[in-house]
Structures are given as C-alpha cells and as structure tokens.
Amino acid sequence: MFRNYLLIATRLLIKQKMYSAIKIGGLALSIAACLLITLYIKNELSYDRHIEHGDRVFRLVGEIKRQGVANKGVSFQAPMSKVLLNDFSEVEEAGRIMPNTLFAGAGSNQLKKEGYNENTFEDGFCFADQSIIDILEIPIVRGDKSHALTEPNSMVVSKSVADKYYPNEEPVGKVVYLDNNMNTPIKISAVMGDFPEASHLQYRFFLSLAGVSFWEGEQDTWQASNYGVYVKLRPGVNVEQFERKLTATVLQNYIVPSMKQAGSTDIQTVLTSARLLLQPVTAIHLQSFDIRESFTKHGDMRFVWLFGSIACFILVIACINFVNLSTAKSANRAKEVGLRKVVGSVRSSLIHQFLTESFVFSLLSLASGIVLAWLLLPYFNELAAKSLTIPWDEWWFFPGMVAAAIAIGFIAGLYPSFYLSGFKPINVLKGQLSRGSKSSGLRNGLVVFQFTTSIILIIGTFVIYNQMQYILNKKLGFDKEQVLIVEGANSLGKNVQQFKSELQKLTQVKSVSISDYLPVEGSKRNGNGFWNDGKVTTESAVNGQFWIVDEDYFKTLGINLAAGKNFSPQIASDSQAVVINQTLANKLNLKQPVGNRITNGGNVFTIIGVVEDFHFQSMRNNIEALCMQLGSSSSVVSIKTNTGDMSSMLSAVSALWKKFVPGQPIRYTFLDDSFAAMYADVQRMGRIFTSFALLAIVIACLGLFALSAFMAEQRRKEISIHKILGASVGQVSTLLSKDFLKLVIIAFVIASPIAWWAMNKWLQDFVYRVNISWWIFLSAGVVAILIALLTVSFQAIKAALANPVKSLRTE
C-alpha cells in the first residue's frame, strides 16, 4: 500500500510541475533559512558551555538604582576578590582580570622578542590572577599550570601566539619586551590553549598581576574600580541567599567605611539601592545587554528570540503555501477521492495517501534546503559575522533533519489531508464541488498572514536603515571626516613631538594631535568623579570622563569652544587647567564655568574653557560629563588632512614613519571607519532583516503566483464570457487582481500597529533615535501592493489575452 502511495505522489509531482516546484521551492527556501538561523542560535547559546563546572562559575555584577533607573557594571576594586575568598566560606575560588587600557600593558602592545629589533603589534592583552586559570578552566598546553601567573613580570600566551613567534621551539622561559620598555623583561611562563570562538573572553595574552600596583596603594584602595571579578562557588550554595549576604557584608564592612573616610554624601543611596549580583558565566554572552562594560563584546538574547521568530514565520509562510495550493487544487482531486470512496476506500487510507504525498514533498524540500543552506552559508557568515559550519559529522544532524522534515510534512499536510479526504462522493460526482473550491475563508486568511509577516519585516528594514543613516549622518559635535589615526605611536618614545612637527610640514596635513582619547569606542577611557572645589563632603559626585589631550586636539577633531579658551603650552598655569563639556558644566550647576575650580577628589583644576557637547560613545547612551587636561598620552596620533588624494598623503605619512621607526610597520585607520564600527551590530541586524524580508516576500509571492494561476484556470470560462461581452484586458486583469489586493491591504492594516510597536521598542535602546514616520508605513504598504500586483498581474494578463473561443468550446 505504501508503495502505491509513493507511486501516486510521484505521478502528482510529474503532472503538476509548476505547483510542485512552488511547493518544494518554498519549503526548501524556508528550510535553508531555518537551518542557517538554527546554526546561529546554537552557536550563540553555546558560549562558555565548555567550562566543565560552569554551573558554579559566576561573574560579579554591581547594580545601583538612581532615580528609578538600574545601572549595572562589572568594574570592581582591587581588594574585592581577596575579600570574597577570605570572608565567605561559600566561595571556593575568586580571581580578577584587568583589561582597562588606561594602564600600560592592557589592550594592545608592540611586542619585541629578546635579541630582535623589530616590533610587532599585538592586541588581546589582559592582566589576570593565577586563580583565573583555574576558575575558567583555561587549558595549559605547556608549562606549569599551578604557577602560570604566580611570578611578577610573567605572561601566559595562547598557542597560536606561541606558534607564531616560536615555531618548533620551546616558548616557555623565553623573554619579550612590550612597547620598547627594555627595563621590564616579560617572561613567558606558560602556553594556554586558544579560547574557543564560543567564549566571552578572547584574550591571547595574560599578564601576571603578581606584584603589580598601578599606583601607590592601588591594591588596597576601595576608591577605584578597574577589575573584573570571577568566583567559583562551592557545590550546593544557594545563589540568591549568597547574593544578599554578599551585598550586606561588603557594603557594611568595606564600601561604606571607605565612603565615610572620603567624606561621600551618597552613603544612604548606596545602602538602600546598591546590590552585588552573581551572573552565571554561561549567561554573560547573551544576557549582558543592560550591563555597562568594555571588557567583552557580547550578543543579545533578544536578537536570538528575534531571529528564531523570523525563522518560524518564514517556515509558516512556506507551510501556508503548501496548505493553500493543496486546498485550492481540491477540485482537481475531488473526482479521484469520490471514485476511491465509491469503490470502497475508507477515509483513513485516503488521509495516509495525502500525508505520504506531503512527506514526499517535505523530504525533497529538505534535500534541496540543505544544499541551499550549504551554498548560502558563506554569505550568511559574512552577514552575521560568524564562522559557522554545517555539522555534517554530528550524529544528530541527519536524523534531526529527517525528523524535522517529517514534522513539517505532517503539519503542512494534516489539514489538506483531512480536507480532501472529507469530500462526499455524491456531491463530487454531481459536480457540486468546483465552485466551492474557488474561494476559501481559510485560504484568504493564510494569505493575509503571509503578507502581514512580510510587511512587518519590510517596515523593520526601513526603520533600521533609517536609524543607521541617522547615526552616521547626525551632527556629532566633532568632524570625523578625513582624520587619519596612526596607532602605536608610543614606539616613537621621546621623538613623538618631533614626528608631529614633521607631519605638520606636509602640504596634505591640516593639523595634528597626540592623544589616546578619541570619540569612538575602543579608545582609552578614564572614569572619574567631579565636584565643585570645596564641595566633596557636601555634594554628590558627578561621574564622567577625565581625558588627557594636547593643544591641537580640538582643532584636529573639529570640536568647537562654547566659552573660554583652548590650552596653551606656553602658559605654565594651563598644566593645572581643564576644559570641560557643557554636560559637566550643567551637572555641576555652573552658569559661568570659566574661572571656577573643580576637583576629582585628588587634584584641583581651574576651568579655562567649555566645549560644545560632542558624542564620544554610542548613541544608545546620553552624552557623559567630560573633563580634559593638557598632557601627554602618546599612543595615538590623529592627522586632519586637507586633500582628497589619500594615496599620496598615506605615502608621505608612511615614509615619515619609516624614517623615525624603521623596524616597525605603520598601523593606521580612519576615524569615520572607527565610528561606523561602533554600530556594526546595527548594520548587521539591518542586513539580516533585509535578507529575511526579501526571503519572506519571495516565498509569499511564490504562493500568490500559484494561487493566481489556479484562480485564472478555474475562472477561464467566466473570463471568456466577459471578453465576449466586450470587457477589455485591463478590466479582466482588475477582475482577477482585486481580490488579492484586498487581502494585501488587510495585511497592511494588521501589520502596521504590530510593526510600530516592535520597532518602537527596538529604538528604545537608543537615546538618540529617529521618529517612526508615517511615510515608512506608506512605503512598506506601496511596496507590498506593487509586489502583489506584479505577481498576480502576469497570470491575470495571460488569462485576459487568452482566446475565449478555446475556453468555451467544451460548453
């Protein structure tokens, strides 16, 4: 019997080539999309799952609520891990990392092997305690794991780094120098395995924190927060109870006494609204979107849910095509069903037959979908910034795919099977069924659902594109265009000022500034608290940034002064002067800031100027308070050019660099590229939305095309009569198109409020954002209507141009 079912299904495939191709093609596209998204979601959910005891490993998170808003961070004081280990029996191990690029060694360095003159730029440096190796279960492939970071001036490197610098050699015990600091040799103490791609940490160098103090008393102070803290709890510890105990003990015994000593006025706020939380290590990658940090780049669980939903909707759209075409062609199968019932077939055998046909379609779609996914994977990897592979060798892959295909075939074929097998023989053989098959409330409802989903994705694409254009073209308060950033300038040593002077002589150069602090993410940052002088014990601190810049910084970056003057190296008092932004002036309630004195708790400064606010971090956040002091911060040189001939300018700068540091290649980027990179996730989301919106539209249009062809076939005699009575091609086309257009308009009405709600919620992540304008909805509606018209019109015009005599010949 099963063989007979397969034979009938094969004949159906051959007989109805177009409809079969659309059914299989639509399902294949959706299966390919679902497979790609499933691989993406699986990768996102796999982060840090390689840690064997990951259920007991946590990252410390601090939270404080101010004016009803919860602010979370992961930077803590140097003594915190020691307190966790010594004061709490629940803690098995505690350790710190220190990736803050404010301090020499962290971030990126010029690395030089002992006995060599040439420097090589390397990034991925981080200070760490020995216990981090154990807590995060970092594999040590060479050297002594128990003493990997116990010695001062020692370093653990990744296997890829060891292979790069010491091929066929023993790297352990070798000495390197960082940033030409020949007074501090760094010994390689061990080699660790490279972090897997699915790890929230991606460092390649761990510098030992043993014996390190970034300033006198730094390891004992509770007034500075620069460390990420990880803990491993003992088995059986109740995390929520421990969090409450941890918060109460640390606040009462350490934080509050330190604040009292400093004369802080925020003690009551801290006691009532601050908490210490433990974030599971497996949750760091996807559940840190509301945590302010610069330690790691992470994903977003909301995107995982979003992409999973898109995959489901695309699959549902393809299944709807299957259901629609199966039920629409019911008249063609009705006589077959009637005759089978007359000769004794029971309904259950007919259901089995139709489900078998559905499974055949589904399995063929599966094979096509896997091939499509394999072909599209390189594009998807580029789109999603991943390195995904199809897991051909995983035991679950093919069984899982077959099971999914059977499930899809069952779901998509269930309703048509019951619908087709339910025809009554007497009605079929009297010819009473064909009229009822011409229209179906369910079929229309499914078409509306398809286009509702497509229109939502179209509106989402328009909004994301609009927001991205707003970000890239918004007035930022500084000029990011034609600014060349030369990195690694600390290799110049004392010659950096001479290098600047030589650059300024080039005809292609307008101005030059030396400062590591740039208005893009990834550059150096230094958070401080600020008070009006004499108000430290009576007012709350204004938190902001404290930057070191030179006298040409504002000119080079096009930052405008709102009041006062710029720095001047010739004026001795300017070494203790600062220029602040308008936000800091407002938060300190300074109506006339110039001439006032402020403090960061350590030094007192005189304000000599105020700059207009400019964006120096993501537009997801408000502009922060900023204070700038004249000084030396010489790792980055910014060059404002005045030429469109970038090639000759780069050649001139490169030649000058080679003259100063012949043993080191020049590294440069452009400020506008660095700015755009801050929003790579938004651009990526926009491209993914666009791709899946197009895919959803294509699948929906395939179904609409097939349905319109079928309706034209069913109504060919009606059309012929209209033509004989004088109807024009346009009138006949309108006759066939208007019903479908009504469905698209209904879909637009349903989709618009849903899309507005969803995209408005997405835009809430940005402090600076576009308004969702009416034209976005109108454009999406017009696009959907035009696509539907083009899809239906082909069949409508074809039917309208057909010879009416041929259609009526049988009457």
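I looked up aspartate 48 and found it buried, at a relative accessible area of 2%; buried is under 20% relative accessible area, exposed over 50%, and partly exposed in between (1.4 Å probe, protein chains only). The model is predicted, with local features requiring pLDDT of at least 70 and side-chain atom pairs pLDDT 80 or more, while totals for chains, interfaces and linings use all residues. Numbering runs from 1 along each chain as its sequence is written, and side-chain values use heavy atoms, leaving out hydrogens and water.

I then placed aspartate 48 in the loop between helix H2 (17-45) and strand S1 (57-66); helices (H or I, at least four residues) and strands (E, at least two) are DSSP runs numbered from the N terminus. Its phi is near 65 degrees, a positive value in a residue other than glycine. Most residues other than glycine have a negative phi.

I checked glutamate 137 next, where phi is near 55 degrees, also positive. Glutamate 137 lies in the loop between helix H4 (130-135) and strand S6 (140-143). I noted glutamate 137 as partly exposed, with a relative accessible area of 22%.

Of its 121 residues, Trp547, Phe675, Phe692 and Trp762 touch the most other members. Helix H19 (residues 680-714) gives the most to this core, 17 residues. Apart from this core I recorded another, of 26 residues, including Phe76, Trp222, Ile267 and Ala274.

Definitions and conventions: Core = buried A, V, L, I, M, F, W, Y, C linked by side-chain atoms within 4.5 Å.
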